[in-house]
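Here's a quick walk through this one, a predicted model. Have a look at the fold first, then read on.

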Amino acid sequence: MAAKRKPRPKASGLAPSATAGAGKSGGGAAAKASGAKVIPPAVANRMARRIALATGVPSVLGMSAFVVSYLLVSRNIYDVPPVLTLAVSGGLFLLGVLGLSYGVLSASWEDAAGSLLGFEQIGVNISRVRASIRAMRQGSNAPG
């Protein structure tokens, strides 16, 4: 038998400072009235582009490692050990998974675009995520 849980107040995954411009670029009155925080389209597109590059390139290279290994072995150019093929492709796929986090955390969450690589945004965005998690925990520990 499952224990009953208290309903928790809904909280956004983004800190209030991260969505300061959300109402300006298409959040709409309905989103403001319900208290929902919407990612502005410009920010979502910026994140999607970075994720596509940071995940897509290593993933394609990870798949091509199998093809290159096959071609080298089948044409007797070089005898590639299977463990080497597995390690290279696995490392590239892992890099692709890390690219997901990099794509989200390196994108500027403000209306203004950041730099090309976005390294300066990573620390800012991690602190925003931590503040949001802290606020959600404090909200769930509140009496009521």
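Let's start with L95, which sits in helix α3. Is L95 buried, partly exposed or exposed? With a relative accessible area of 46%, L95 comes out as partly exposed, since that label covers the range between the 20% limit for buried and the 50% limit for exposed.

## How α2 and α3 pack

Helix α3 covers residues 82-106, and helix α2 covers residues 41-74. The two pack with their axes 7 Å apart, at an angle of about 175 degrees. Angles over 145 degrees count as roughly antiparallel, so that's what α2 and α3 are to each other. As for what lines this contact, its residues split into 15 nonpolar, 10 polar and one charged.

## N45, over on α2

On the α2 side, N45 is worth a look; this residue belongs to that helix. N45 is partly exposed as well, with 45% relative accessibility.

How far apart in space are N45 and A107? Their C-alpha atoms are 9.6 Å apart, although 62 residues separate N45 and A107 in sequence.

## The whole chain

Zooming out, the protein chain has four helices and zero strands, so reading from the N terminus you simply get α-α-α-α. The chain has 144 residues, and 24% of them count as buried.

Key. Residues numbered from 1 in each chain as written. Predicted model: local features only at pLDDT ≥ 70, side-chain atom pairs only at ≥ 80, totals over all residues. Heavy atoms only, no water. Axes fitted to C-alpha atoms, helices over the stretch in contact; angles between N-to-C directions. Parallel < 35°, antiparallel > 145°, perpendicular 65-115°, else oblique. Nonpolar A, V, L, I, M, F, W, Y, C, P; charged D, E, K, R; others polar. Buried < 20%, exposed > 50% of the residue type's maximum accessible area, 1.4 Å probe, protein only.
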